[in-house]
Structure formats: structure tokens, C-alpha cells
Amino acid sequence: MNPFHLLHLEWKKFAPNGTFRILALFYVVFYILSTWLTFLIGQHSTFSFHGASINPAADLFTFPRLWELIAYIGSWLNLLVLGLMGVFLMTLELNNRTLRQNVISGLSRSEVFVGKISAVIAIAVVATCCYLLLGAVSGGLTSTSITLGTALPAPDGILRYFVQSTGYLLLGLLIGLFIRQTALATIVYVIFFFIEFIFSQIVYWTIWKSRAVFLLPAHVLSNLIHFPVPKMVNNLVGSQTMAGPTSDMGWIFATGYIVVFAGLIFWRLRKIDL
Amino acid sequence: MPVLQINHLTKRYGSLCALNDLDLTIEAGQVFGLLGPNGSGKTTLLAIILDVIHSNGGTFQWFDGKYGDNPRRHIGALLETPNFYPYLNADQNLNLIATIKQVKNPPLDELLELVQLKDRRRSAFRSYSLGMKQRLALAACLIGDPHVLILDEPTNGLDPEGMIEVRHIIQKIAAQGKTIILASHMLDEVEKICSHVAIIKKGKRLATGEVGSILNKQPTVELSCAESDTEKLRLLLENNLLVSQLNLKAGRFTLELREGHQPGELNQLAFENGILLQHLVSKPRSLEMEFLEITRS
């Protein structure tokens, strides 16, 4: 079966599922709601950040800076909702033993893998489209002078959003495949980020004071998208003191982790007794 | 042409050997019964040949390799319990199976009619009774008109009515000339349906062949006499070369004759020794008796 057939199969399995629908709805509604609330709170206020005076309505909520803000809001939903969706894509099948039935009915283990990866990519594409749509609509409503040069998001920004979505989904899928139980896998997914944060802080402050410590998967994925204010302040005060971690390394590592996650999922699916 | 050829299949779970160097050949058109007590390795064997679990050694080949390394689209299988998406209804679940099997326009009406689920086709799978789930699994097995059907304990957990329903469906399918592999410990079921049988215990094949060839030709005989002659008859039967096994329960003897002897000879023997038999019945041996004897030996 080709990947499109396998994606169609995944769609038939999950589209009617209540939990999947709620998660998808949650993503869209909370994305809109969080953006709206941010605008509502920030539009009439100004604040000072590291000596720079910022007016969100003019500096953050308009093109082109708006794209970064929308991506940052979305990155939290990617972490929370898409990761759980990844967990769910796998544990639902394992708990109901439907993956086993799919193989009995004629799906090869490689096809199971391609099906899941296709679903992950499709969800990441839809999430990225949500980001683009919300950015375009919000920017259209808030920006006074719109030109093609400012209204379009940076291609690198779109890719970052897509890669982060894919990374969280795959991490969820991987944890789901190893843990098998939905509730436990969800807890492990959430705890994973805390443990990695605590571990990297301990190592950094006690053993090895190198930025390489922060190249662990959760950190790398979350650092693909930054809170736009520090960068904006840099531009305003002309300083590099607030610069975030170097992005190029993050790119390489994020892509590397995605390949590792996918490889582990493939290996596990080949070896597992269903 | 062998539909399935199994050579030296072995599966270990730690120190437990679930399948031990098992060989088996199943030919096209056979209704093949796989018999064994619980934990004998029947389900493990079926799970391996369906690629659900991995073996530790040995090989198996479906259809002489005709369909490459994924022949399962030409096989319909129900392994242990029916596994479907609980929130999907019968139509949606069957359509999913049809997509996997690459069957366009599956005859869902016909299949649901056969398993008597047409009225509940729009109900979610989670709302089905165990019997309905089992029947839906049978319908799923038939999608794509597969060459082989594998049914693992298809009447497990069903009430008597459900058992009869499922048994009728299997008999209907068997009548169409399909190859069926039926794993069960319901021996009467296997005896009624199957043409061939293999008996497995602790992962080892103890016997295989046509059901007729597995069954011992010598019948079991029941006899009784007047109460005053019972002890005399017991001594006579115990010390006689006609009889191989003898049991006495509630004044009634149950015995097996040695090969080449007929029940009538017992009547003659008793009469010659002054005992008048009041009851003499010859019963052909059932698969159940044969199974118990083979698995206990």
C-alpha cells in the first residue's frame, strides 16, 4: 500500500474517535483563545524589558513580528496537545489490540510504520496551516500597513513550526509504543520534560558547564521557537546580550532527534510481539 | 499444493518452551483441527504464522510462497478475542478491514446477513455482546473471499445458543470448500467439522492425520450382569486376553477390546462361563477419548 492509502486508513481509524476529535478541537480553540487573550491583555499596555520600552500593540501584534508571537503561543500547544495526540495514536491501537488485528488482516509491520509516520506528518502539516491561518487573520486585523514583504512569514519560521510539531508527535508516539498504556504514557511524556530540565540543570551547574548539556531532545525541540521579546529587545537596544541559543545547531539536532525517534519506532514495531 | 508448510518451528518464553520443533503440513481444502489442552501452544503457533509474534527458530511458508512475504491478505483470521475499534460500528470496522485487504466494494450486506448482524450494523462495536463480537469477527474473516480461514477458539466464552450459531456459520463456510484451520478444545466441535486433525501438547505435535485415522478402530464396550455374578464376571474379564482396559462403576463394566476381537465374543465367553449378560453396548471411540488417551500418555 502506498503512503496515501495508509494515511487514508489512519484517517478512517481516528477521525471518528472522540478523544482524537477533542484533542484536535482543543488545539484549534485554545490556539485562537490564547492568541485573542494575549492581544486583549497586551493591546493597551506598554512595558519595560531590560531597559527597552515595548508597546505590544505596535511592536508585537503586527506584521512581521506577529508571526513569531503566534508561533510561540502555538509551540506550547504543540508540546501539550500534539505530544499527547502522538501518545494516543499509538496507545489506542495497542490497548484495543487493533494493531495486532491490522497485521493479522494483512498490513505488514513496515506499512504500520509508514501509516503512523504519514499520520504524524499530516497532523504536523495541519498544525502548521493553523499557525499560518491564525497569523494571517490576526495580522490582517491588527496591522495597519500591510505589504507582501512584511505580511508573509519567514520560510524558516514555517519550517521550525513544522519540525517542532513533528518532533513532539514522534516523541509521543515513541513513548506510547514503549509504555503501551495511555494514562501511564501520558504521565511519562509530561514527566520526561521535567526530568530532562532538572537533569540538564544539575549537570550544567555541578558537572559540566557547557551549552552542549542543553542539546537534549526536549530542550532542542522547545528551542526551535523562541519567545520573540528578547530578540526584539536586542533589535531595539542594539545589543546581543539577550540573544537566545544558537539556532543552527538546534536545527541539526532537532532533525537528528526526529530521525532517531522514527528509527526507534521502526525498530520497535519490527521487533515487538503484538 | 500445501497451503501451509511449517518446519521445525520453535518459540520460547524464557525457560518455557511454547513450541518445540513443530512440523506441520496443511493441504488446500482441508478443514484442519488443531487440538490441545490449554497452554499447549495452539494460539502461539497461529500467532507466529500470522506474523503477530516472532519465533525463535524454524520456518513456515504460506501458499508455496506464491504471495511473497505478506500472504495475510489472502487469509481470514480470528485469533483469540475479536479486536475491533470500539467506537466504530460494524460497517466502519469491516470497511477498515476491506481497506487493509485492498478489497473494493466488500459485500457487507451479504456478510452481515450471514452472521445475523444486519440489524445492528450501525451500533458501535463496544455495545455488542460477546456473541455478536465473535460473529462480527467471523464476517471480517470472510472479507476478500480468502483462501484460508484461521479460527482460534471461535466459540470461546459464548453461551450455548451463541455456540450453536457460530458452529453453523463455520459449517456453512466449510461446505464452500475453503481451507479452515480451527484451533479448539471443543472436541465434539472438531470431530463434527474437521477432516484432519493435529494434537499438540506442550508445544509438541503428538499426532496428526485424518480424523478417521486418528480414531482407534476398536470400540468401547459397556456390559453388565446380575449383581450376584458381578464378581465372577470381573475375574473372568480381568484374566482374559480379549480385554485391554477394564473399569467397573455402579455395577457396569466399561472395557476396550484388543485389536481383532468383536463385542459378540464377550457375550459368548460369559455364556460359556454360566453368566448371562443383561446389557451389552458397543460404542465407537470418540475424538475426545482418543485425545485424552494421546495427551495423557
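Predicted model: local features only at pLDDT ≥ 70, side-chain atom pairs only at ≥ 80, totals over all residues.
**Figure 1. Chain A from end to end.** Starting at the N terminus, its elements follow the order α-α-β-β-α-α-α-α-α-α-α-α-α-α. The radius of gyration of chain A is 20 Å, close to the 19 Å that the globule rule gives for 274 residues, so chain A is as compact as a globular protein of that length. Its C-alpha trace spans about 65 × 50 × 30 Å along the principal axes. Of the 274 residues in chain A, 40% are buried. Among contacts in chain A with a separation of 6 or more, 80% join residues 24 or more positions apart.

**Figure 2. Helices α6 and α8 of chain A cross each other.** Two packed helices are described by the angle between their axes and the distance between the axes. Here, helix α6 (residues 109-142) and helix α8 (residues 155-179) of chain A have axes that come within 9 Å and cross at roughly 140°. That angle makes α6(A) oblique to α8(A). The crossing of α6(A) past α8(A) is right-handed. Residues to look for on α6(A) include A:Val120, A:Ala124, A:Ala127 and A:Tyr131, while those on α8(A) include A:Ile158, A:Phe162, A:Leu169 and A:Leu173. Sorted by class, this contact has 13 nonpolar, 3 polar and 1 charged residues.

**Figure 3. Where chain A touches chain B.** Now we turn to the two chains together. Chain A brings 20 residues to the contact and chain B brings 22 residues. On the chain A side, the elements that give two or more residues are α1 and α5 (98-105). Which element gives the most to this side? The answer is α5(A), with 7 residues. The side of chain A that touches chain B has 6 nonpolar, 9 polar and 5 charged residues.

**Figure 4. Helix α1 of chain A beside helix α2 of chain B.** This view picks out one helix from each chain. The axes of α1(A), residues 3-14, and α2(B), residues 90-100, come within 10 Å and cross at roughly 165°. Angles over 145 degrees count as roughly antiparallel, and α1(A) and α2(B) are therefore roughly antiparallel to each other. Their crossing is left-handed. From α1(A), the contact is made by A:Leu9, A:Lys12 and A:Lys13, and from α2(B) by B:Leu96, B:Thr99 and B:Ile100. These residues comprise 3 nonpolar, 1 polar and 2 charged.

Figure 5. Our last stop is a single residue. Is B:Asp51 buried or exposed? A residue counts as buried if 20 or more other C-beta atoms lie within 10 Å of its own. B:Asp51 has 20 other C-beta atoms within 10 Å, so B:Asp51 is buried. Leaving aside residues up to four places away in sequence, B:Asp51 touches A:Val103 and B:Arg72. For B:Asp51 and B:Gly76, the separation is 25 residues in sequence and 13 Å in space, C-alpha to C-alpha.

Terms used. Residues numbered from 1 in each chain as written. Chains lettered and ligands numbered in written order. Helix = DSSP H or I, 4+ residues; strand = E, 2+ residues; numbered from the N terminus. Rg over C-alpha atoms; globule rule 2.2 N^0.38 Å. Buried ≥ 20, exposed ≤ 12 C-beta atoms within 10 Å, placed from the backbone. Contact = placed C-beta atoms within 7 Å. Axes fitted to C-alpha atoms, helices over the stretch in contact; angles between N-to-C directions. Parallel < 35°, antiparallel > 145°, perpendicular 65-115°, else oblique. Left-handed = near helix turned anticlockwise from the far one by under 90°. Nonpolar A, V, L, I, M, F, W, Y, C, P; charged D, E, K, R; others polar.
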